[in-house]
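This briefing concerns the domain organisation of a protein model and one of its domain interfaces. The sequence and structure are shown first.

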Amino acid sequence: MTMPSADGTIFLPPQASTVAVEVDTIFYFIYYLCLLFFLLLGGSALYFLLKYRRREGGPEPVPISHNTALELAWSIIPLILLVIMFAWGVKAFLNLSVAPRDAMEIHAYARRWLWEFEYPDGNKSIGELRVPLGRPVKIILLSQGDPGGNVIHSLFIPAFRVKADALPNRYNTLWFQATRLGEFQIFCTEYCGAGHSDMLAKVVVMEPDGFKKWLDGLNRPPEGMPLAKVGEELFTKFACVTCHKNRADNAAVIGPSLIGAFGRTEGLADGSSVVIDENYLRESILQPAAKVVKGYQPVMPPFQGTLKDWQVTALIEYIKTLKQ
Ligand code: CUA
């Protein structure tokens with residue numbers, strides 16, 4: 001037997017939001033009710049099958065027209081149980097659907113293939129959503145257009161028991177209030193192309209003070225760290241690694257390999273060629289469709305307006321270090 005538990009069960013991950021308890025309780029209510037009726041019906045069918053099986057010299061069967069008490073019981077009891085399931089479910093669904101008025105609003109942009117989050121102060125993070133503990137947070141979802149066309153994504157945070165589609169050209173929302181510090185997995189749960197299974201992110205629940213400090217810190221590069229090292233971290237954080245090969249053991253082929261790229265002369269889709277220098281890399285990060293490398297699709301999302309100058313510079317410095 002497994003029952004709702006804050007640390008998760010064989011069926012469900014840990015409960016880390018205010019709605020998780022109710023969602024789990026309803027899940028287990030329905031699950032055990034179904035199990036009970038399955039055993040009751042299956043068991044009695046089996047019992048009667050054996051007890052009243054045809055035997056040599058047994059009594060002749062007597063036809064029974066009906067049994068009012070029994071018929072009322074097997075209609076009314078399930079009806080009551082179903083109404084309980086429905087009413088309880090609707091109540092929880094409404095709670096899940098309507099964010100509290102004082103919720104902090106964070107925009108989530110789904111791109112192929114990464115999650116980008118924009119905070120009320122205009123700062124952004126990619127691949128990680130940070131939220132303060134104990135405060136309602138409303139996520140406003142949008143699937144952002146890219147040169148390869150729009151697709152539907154879906155933001156799913158199992159530990160919070162929330163999930164909502166990110167649609168192109170239309171906002172969708174979900175909300176939660178985190179009840180536990182720590183890191184929890186985010187999945188994309190709508191098939192969105194080659195990078196779908198890599199479209200992962202983390203939600204990091206922080207103490208409110210720490211969250212504020214972290215937001216402030218997004219405005220400038222970390223101190224005392226070489227720029228190329230900062231760029232290396234950003235390369236993973238911004239999900240560049242999903243499409244671009246940066247190490248011998250990375251098999252990414254959606255975009256051109258960046259190993260030994262700096263200084264190379266690259267053939268472009270329009271037949272011309274370009275020497276890969278700082279300015280080409282900068283343009284290709286901010287406006288990837290401007291000069292697409294021959295043999296590749298223009299599917300990379302533009303990072304114009306997403307990355308700060310110091311982040312672009314750090315990425316370029318990192319790419320310079322990727323030697324053959
Ligand atoms: Cu995005 Cu699947």
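The protein chain is divided into domain 1 (1-53 + 65-98), domain 2 (104-217) and domain 3 (227-320), with bounds from an automatic or database domain assignment. The model is predicted: local features need pLDDT of at least 70 and side-chain atom pairs count only at pLDDT 80 or more, whereas totals for chains, interfaces and linings use all residues. Residues are numbered from 1 along each chain as its sequence is written, and side-chain values use heavy atoms, with hydrogens and water left out.

**Confidence**
- The mean pLDDT (the predictor's confidence in each residue, from 0 to 100) of the protein chain is 90, and 98% of the residues score at least 70.

**Extent of the interface between domain 2 and domain 3**
- The centres of domain 2 and domain 3, taken over C-alpha atoms, are 24 Å apart.
- Domain 2 gives 15 residues to the contact and domain 3 gives 17 residues, where contact means heavy atoms within 4.5 Å.
- The two domains bury about 1,300 Å² between them, 62% of it on carbon and sulfur atoms; buried area is the accessible area (1.4 Å probe) that two parts lose on being put together, summed over both.

**Charged interactions**
- One salt bridge is counted between domain 2 and domain 3, the term denoting a side-chain nitrogen of Lys or Arg within 4 Å of a carboxyl oxygen of Asp or Glu.
- Lysine 237 and glutamate 128 form a salt bridge through their side chains, at 3.8 Å from N to O.
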